[in-house]
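Trainee: I would like to learn how to read a few features of a model. Can we go through them one at a time?

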Amino acid sequence: MKQFAKILKFELKGYLANKIFLGVTIFIMAVIIGILFYPNFAEIFKKNASDTGGTNKIMLVSADSAFSENGVSQLKNAFSAAFSDYEIVFTDETADDLKNKIKNKEAECAFAVHSFTDYTYVVNNLSMYDANTAVADEILKSVCRMNAMLENGITEEKAQEIMALQINHNQIITGEDQMQNFIYTYIMVFALYMVILLYGQMVATNVATEKSSRAMELLITSAKPTSMMFGKVIASCIAGLLQITAIFGTAFACYNINKKHWGGNEIISSVFNIPVSVFVYMLVFFLLGFLIYAFLYGAVGSTASKLEDINTSVMPITMLFILAFFVVVFSLSSGNADNTLMKICSYIPFTSPMAMFTRVAMSTVPVYEIVISISILIASAIGTGYVSAKIYRAGVLLYGTTPKIATVVKMLKKS
């Protein structure tokens, strides 16, 4: 136990003192702070702009000469109400005149309305988030319907009552709301994917570095292989958890500070409103999945004779994990996270950390299925750690070409 504690402390200190590790963590935290505080900065700049005589964005609207005085009045009222974030300027200019003004940046955009069912939208650079035409479509539909009802003898009061008709509905969800859970489930799966690949590769690289420098031969004589392997893997696991805690902790704190700005955003809110039970399951599956893959990466790293061989050696493990990731992502995208393939993957140790977590978050899974999946993962993690320690011990003597699987199996039987 004393050997394990020393190795754990040494390896963890190495991770925490690593400049790249600290730099990446601080950079991600800074980006999150910048994003979540952006509304505050934008508000300050907006205030400064208004203090220096700045105005709202200008939208030009022209009505065809065929419009009656009443029709022009309807357009003015409708556009002013719908585009409250613009300064609406009505003009008699033609579409070509409006086009020139937009080119000269005298206004941000313009509408040349030819009739209640036909208009031209003029804009310089069309943003991918520009929804002005969609709003204008609804405006003109409403005005057109109102006029049609008035022309058919319906009183204005009755027409307004019909147009303001609201549909009420109740929704009872007996399981999970997949739309609400999708964002944070995807983020957690992606975080699990990135951390396992990153730290698994780091474990393999550290082991291979020790072997190539012949340090492993000295270490193996003074410490048990199990203590060394478990110390390295658990140290990387703790480092990964600390990094994730720092990143998500920063995001959670910044979100709560700026909640008045982000509270109305359903996507952002859903990320930070994860149910406690789902969060606990995420930690359990993350830890167990990380241990299995880290042990595998460590074992493979001990069989590599040179540091340059690492990428080739770990490729099968990496491809297996990437395959599991894509199965989960495609199931999430299809809207059916509880399909047959996902159910099968929920009991396979190499895929269950992501597959079962996704099913728990996106559907209703019986408790006994979760217990079985976690039990298989625990047994697999312990078994993988034991076998990896034996490979680690045998790998000390393997130099030259990277051994084949059959060679490793024979050495395990002899040890």
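Trainee: How do the residues of the lining of the largest pocket divide into nonpolar, polar and charged?

Mentor: This is a predicted model, in which local features need pLDDT of at least 70 and side-chain atom pairs count only at pLDDT 80 or more, while totals for chains, interfaces and linings use all residues. Residues are numbered from 1 along each chain as its sequence is written, and side-chain values use heavy atoms, with hydrogens and water left out. A pocket, on a 1 Å grid over the protein atoms alone, is an open set of points where a 1.4 Å probe fits, with protein on both sides within 12 Å along at least five of seven lines; lining residues have an atom within 4 Å of a point. Ala, Val, Leu, Ile, Met, Phe, Trp, Tyr, Cys and Pro count as nonpolar, Asp, Glu, Lys and Arg as charged, and the others, Gly among them, as polar. Here the lining has 20 nonpolar residues, one polar and no charged.

Trainee: Which helix gives the most to that lining?

Mentor: Helices are DSSP runs of H or I with at least four residues, and strands are runs of E with at least two, numbered from the N terminus. Helix α8 contributes six residues, the most of any element. At least two each come from α2 (19–36), α8 (178–212), α10 (225–257) and α12 (266–272).

Trainee: Which residues touch the most other members of the largest nonpolar core?

Mentor: A nonpolar core is a set of buried Ala, Val, Leu, Ile, Met, Phe, Trp, Tyr and Cys residues joined through side-chain atoms within 4.5 Å; buried means under 20% relative accessible area, with a 1.4 Å probe and protein chains only. In this core of 66 residues, they are Phe 290 and Met 354. Among the elements that give two or more residues to this core are α1 (2–16), α13 (276–303) and α17 (367–395). A second, separate core has 19 residues, including Val 61 and Tyr 121.

Trainee: What is Phe 290 in contact with, leaving aside its neighbours within four places in sequence?

Mentor: Contact means heavy atoms within 4.5 Å. The partners of Phe 290 are Val 195, Ile 196, Tyr 199, Val 233, Ser 236 and Cys 237.

Trainee: Why should helix α6 span 28 Å?

Mentor: The expected span is 1.5 Å times one less than the number of residues. Helix α6 (residues 132–151) has 20 residues, so it should span 28 Å, and its end C-alpha atoms are 28 Å apart, which agrees. Among its buried residues are Ala 136, Ile 139 and Leu 140. The buried residues of α6 pack against elements including β1 (57–63) and α7 (156–163).

Technical notes
Buried means under 20% relative accessible area, exposed over 50%, partly exposed in between (1.4 Å probe, protein chains only).
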